Amino acid sequence: MNKNSHYYKLILLLFCCLCFSNMKAQKTKKNSIENKIDSIISLLTLEEKVAMCHAQSKFSTPGVDRLGIPEIWMSDGPHGVRGEINWDDWGYANWTNDSITAFPALTCLAATFNPKLSKEYGISLGEEARYRKKDVLLGPGVNIYRTPLNGRNFEYMGEDPYLASKMVVPYIQGVQQNGVAACVKHFALNNQELWRNHINVEVSDRALYEIYLPAFKAAVIEGKVWSLMGAYNQFRGQHTTHNQILMNTILKEDWAFDGVVISDWGSAHNTNEAALNGLDIEMGTGTDGLTTSTKNTYDYYYLANPFLEKLKNNELSEDVLNDKVRRILRLMFRTNMNPNRSFGRMNNQEHLDVARKIAAEGIVLLKNENSFFPINPSKKITIAVIGENATKSMTVGGGSSELKAKNEISPLQGLKNKYKNATILYGLGYASGPSAYGRVIPSTIDADKLKNEAVALASKADIVLFFGGLNKNHQQDCEGGDRQEFELSFGQNELLNELLKVNNNVGVLLVSGNAVEIPWLDNVKALMQTWYLGSETGNAIADVISGDVNPSGKLPFSFPKKLNDNAAHSFGKLSYPGDSINQYYKEDILVGYRWHDTKKIKPLFAFGEGKSYTTFKLSDFKTDKKEYAQNEMITISGNVINTGEIDGAEVVQVYVGKSKSKVKRALKELKGFQKVTVLKGGTESVEILINTNDLSFYDETISDWNLEKGAYIIYVGNAANNITSKFKIAIK
Ligand code: BGC
């Protein structure tokens, strides 16, 4: 043995010792907390323990005052810290210190395809939650985008389980590093708002495990999320919030979740099930607002007096209660009983910068004929800005994700800030009426007058920028109701056609969290998907329109040409929205682009699609080998060349498909991606790793994952519909 190898062995030994002592220290810390929890439990009365398992107000649970055990304070979520709500009802408490930074909606975050930004989002949001003295932040949401009519898609991370998994983990880690628990929601299968309180979802195990659960699993296992929210709907005949299969078998046994399950507000329905099927904290039952009201309502909660009685007469074992209290105390040691947590901060420039960066990076350029965008800010031109969404606040409305933003720069304001040399004209064009929860209040403004005024402005302008789409009103991208139609409402299509008659230089900025029907696509010069962007909306949009930021966002869901091209809708009413009692996910695993690809139904815009002001070439992509074993890494590498005139970023997407499978398969599925910034004329190398185990399918015959042997195809491209290279590999 030579001297060197001896030396290395010594270093290795030292390193192992260090790791071991670190692991030991962590284990000891964990044990000491678990021991503390046991000793606290031994001091608590039955009544005190039961009280900890349910709300004392709209957004808090009681502590144990005689022992100094704190209350738990929660807040929505997921795009900022919601304004303070009254103790007993859904009204705002009118505090004057609760205005915050509004971050972009989660569809926008997903569209960045940039997990690093998700971490920044989580850290900043967690700091704001901490400053507002919140222990649990009710987000993120990762329900899969199944239908473009779902009113809450804007709060989620799109149609692909892999993308959502990669984006959700850093968000959670970022929030929780502030000593604030993230609460991933809504577990599970809450994929529509219509009949959400009772609709029973029937879905195969395969679709459940392959499509609807992976992002939750990543949140629990990789993100180590400290709390999780049940959903309103039922799954296989039982409410999801206390569902034996979801909560006990999958979450707490298979995934070994050690955190707290919180009900959605009013989603608990039965004491025995709540006690035995995994619910730890019951919130929102029987108070004013979303659910019906009872006097002294908190005592009547399923996990309050009825639970206490069953414990007292030994119908339910105290172990069941102790498990819940142990989880709740564990959450407290991670949050409000952690003496080392930071103090938080909010409304600072750094948070606004993060919000603006994410907003700009998530904007998706979908059409750009003759380089309509970017529009040079130094030009002395006349721009007609038309459309309600250029001025409507989008942090207001939408349901529980509504925010009290300290500032919100509208698109019109953002353009005025940026285009100092231009003459900017503004016309509302159409009006949707004020935002109200659960009901539509029609506008009283004369629609014809608005239209005529807008057309007159458009006829005088060099360029028309139309800001339309959906908004946060009921049935327009809002909790508690689905959209009623796939097309745009309030006469927007007709208005656009009129504008196009007087000016053919029209660019459309689509503000929405959902796909919409776009019949005028061929007639407009450009189209940008701009989501709901929060405090910095207008600045971020102006950054991209002006070219200060080169767009690099990619769609996190497909835009079908017509509603029936969407998988869930193509199977008729029983598939969506169901018969009001049951619904059947008949498209099974073929959700989103999986459906479009496999059934050869071209979408209008594909998953992963999004243009740049520069051009890229993906070149020399290859796999490191041709054959792989189980649990082996496949390395896919190649170059991204910026062939255009300005710096930009591209997202390399790797999809995998199985040829000749013994089970039905999607043509291809996203298994890896990487966003890379490339200077003009430059080349950057990219390496994407995929574990062969991640190519497994969920085999219902063995109730487990199964990695089929044989040939697979690897597809590399920059959108689901733009694959630039394909390779065959084999799994031995
Ligand atoms: C929503 C949740 C939200 C809760 C508290 C419910 O109606 O579904 O997402 O966190 O209210 O506001």
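A: With that, Ala188 is found in the loop between strand S4 (181–187) and strand S5 (200–202). This is a predicted model, where local features need pLDDT of at least 70 and side-chain atom pairs count only at pLDDT 80 or more, while totals for chains, interfaces and linings use all residues. Residues are numbered from 1 along each chain as its sequence is written, and side-chain values use heavy atoms, with hydrogens and water left out.

Q: OK, what kind of peptide bond joins Phe187 and Ala188?
A: A cis one, with omega about -5°. The bond from Gly139 to Pro140 is cis as well, with omega near 5°. Pro140 is in the loop between strand S3 (136–138) and helix H5 (161–176).

Q: And which residues other than glycine have a positive phi?
A: Asn314 is one of them, with phi near 60°, and Gln475 has phi near 65°. For background, most residues other than glycine have a negative phi, and most peptide bonds are trans.

Q: Where do Asn314 and Gln475 lie?
A: Asn314 lies in the loop between helix H10 (305–312) and helix H11 (318–334). Gln475 is in the loop between strand S13 (463–469) and helix H15 (492–502).

Q: Is Asn314 buried or exposed?
A: Exposed, at a relative accessible area of 66%. The cut-offs are under 20% relative accessible area for buried, over 50% for exposed and partly exposed in between, with a 1.4 Å probe and protein chains only. Gln475 has 23% relative accessibility, so Gln475 counts as partly exposed.

Q: Back to Phe187. What is the bridge partner of Phe187 in S6?
A: Gly230. S4 and strand S6 (residues 227–230) run parallel and are joined by three bridges. Two strands count as paired if DSSP finds at least two bridges between them.

Q: Which helices pack on that sheet, then?
A: H5 is one, touching S3 and S4, and its direction makes about 145° with that of S4. Helix H7 (residues 214–221) packs on the sheet too, touching S4 and S6, at about 160° to the direction of S4. Contact means heavy atoms within 4.5 Å. Axes are lines fitted to C-alpha atoms, for helices over the stretch in contact, and angles run from 0 to 180 degrees between N-to-C directions.

Q: What's the order of the strands in that sheet?
A: S1-S2-S3-S4-S6-S9, an open sheet of six strands with mixed pairing. Strand S1 (60–61) and strand S9 (260–262) are at the edges with a single partner strand each, so one side of each has no neighbour in the sheet.

Q: How do H5 and H7 pack against each other?
A: At an angle of about 30°, with their axes 8 Å apart. That makes H5 roughly parallel to H7. Angles under 35 degrees count as roughly parallel, over 145 as roughly antiparallel, 65 to 115 as roughly perpendicular and the rest as oblique. On the H5 side, Pro161, Ala164, Ser165, Val168, Val169 and Ile172 meet Pro214, Ala215, Ala218 and Ala219 in H7.

Q: Switching topic: what does His198 touch?
A: Leaving out residues up to four places away in sequence, His198 touches Gln234, His239, Ser580 and Ile581. His198 sits in the loop between S4 and S5 and is partly exposed, at 35% relative accessibility. His198 and Phe235 are 37 residues apart in sequence and 9.5 Å apart in space, C-alpha to C-alpha.

Q: Gln234 and His239, how are those two related?
A: His239 in S8 is the bridge partner of Gln234. Strand S7 (residues 234–235) and S8 pair in the antiparallel sense over two bridges. Those strands belong to an open sheet of four, in the order S8-S7-S5-S16, with mixed pairing.

Q: Last one: what about H13 and H16, what angle do they pack at?
A: About 50°, with their axes 7 Å apart, for helix H13 (residues 411–418) and H16. H13 and H16 are therefore oblique to each other. The H13 residues that meet H16 are Pro411, Gly414, Leu415, Asn417 and Lys418.
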